[in-house]
Amino acid sequence: MKLQVAIDLLTTEAALELAGQVAEYVDIIELGTPLIKAEGLPVITAVKNAHPDKIVFADLKTMDAGELEADIAFKAGADLVTVLGAADDSTIAGAVKAGEAHNKGVVVDLIGIEDKVSRAKEVRALGAKFVEMHAGLDEQAKPGFDLNGLLLAGAESQVPFSVAGGVKLETIADVQKAGADVAVAGGAIYGAEDPALAAKKLRAAIS
């Protein structure tokens, strides 16, 4: 199982600093949607130039103009981009077309999708590299949020999937047991007193 750090910071400088601290322990460096909105495409290029050996994941959350948005992100240095599962099939197919042109990949983010299992199968058939079983920060903040729903959906979907939302040292073994291909840790790393140590512990917990 790969480890992905989600960088939900707001400046290129802060993103580069965090990426530099944790890069040796992670496989995928994700540039969060707020970061890309704040800094634009140059943050993708900056992180890829600093870490050419890492998979750089641009969390665009594209909802329309799939081919165009994916193309500009791939040209900026992204290896993976996200399209929302709620987008039209043609939007996802367009992003996949751009990915094929650049020999890169599209991840479909199932945030807000009620029937994640069915949609996961549909978008995988459209060419998604994997799907992201995702609970956003707002959903995680609700009383009674439980990571198990994401894990069950991932296991039942029987397609390659990542898990994002509540992944931390106490839950990463469950994520792996559910069969996830990628565990996405955000606040558990960037919110830690020592992000490098937090990333190192998460890496060590992946058997």
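**Exercises around strand β5**

Both faces of β5 are covered, with G105, V107 and D109 buried on one side and V106 and V108 buried on the other; buried means under 20% relative accessible area, with a 1.4 Å probe and protein chains only. The model is predicted, so to speak of local features requires pLDDT of at least 70 and side-chain atom pairs count only at pLDDT 80 or more, while totals for chains, interfaces and linings use all residues. Residues are numbered from 1 along each chain as its sequence is written, and side-chain values use heavy atoms, leaving out hydrogens and water.

**Exercise 1.** Find which strands pair with β5, and in which sense.

*Solution.* Start with β4 (residues 80-84): five bridges join β4 to β5, and the two run parallel. Strands are DSSP runs of E, at least two residues, and helices are runs of H or I, at least four, numbered from the N terminus; pairing needs at least two DSSP bridges. Within this pair, L80 has G105 as its bridge partner. The chain gets from β4 to β5 through helix α5 (residues 89-102) in a right-handed β-α-β crossover; right-handed means that, with the strands pointing away from the viewer, the path from the first strand over the helix to the second runs clockwise. Next, β6 (residues 130-134) pairs with β5 in the parallel sense over three bridges, and V131 partners V108.

**Exercise 2.** Work out which side chains make polar contacts with the side chain of D59.

*Solution.* First locate D59 in strand β3 (residues 55-62).

Technical notes. Buried means under 20% relative accessible area, exposed over 50%, partly exposed in between (1.4 Å probe, protein chains only). A polar contact is a pair of N or O atoms within 3.5 Å; within protein, one must be able to donate a hydrogen and the other to accept it, and residues adjacent in sequence count only if both atoms are side-chain atoms.
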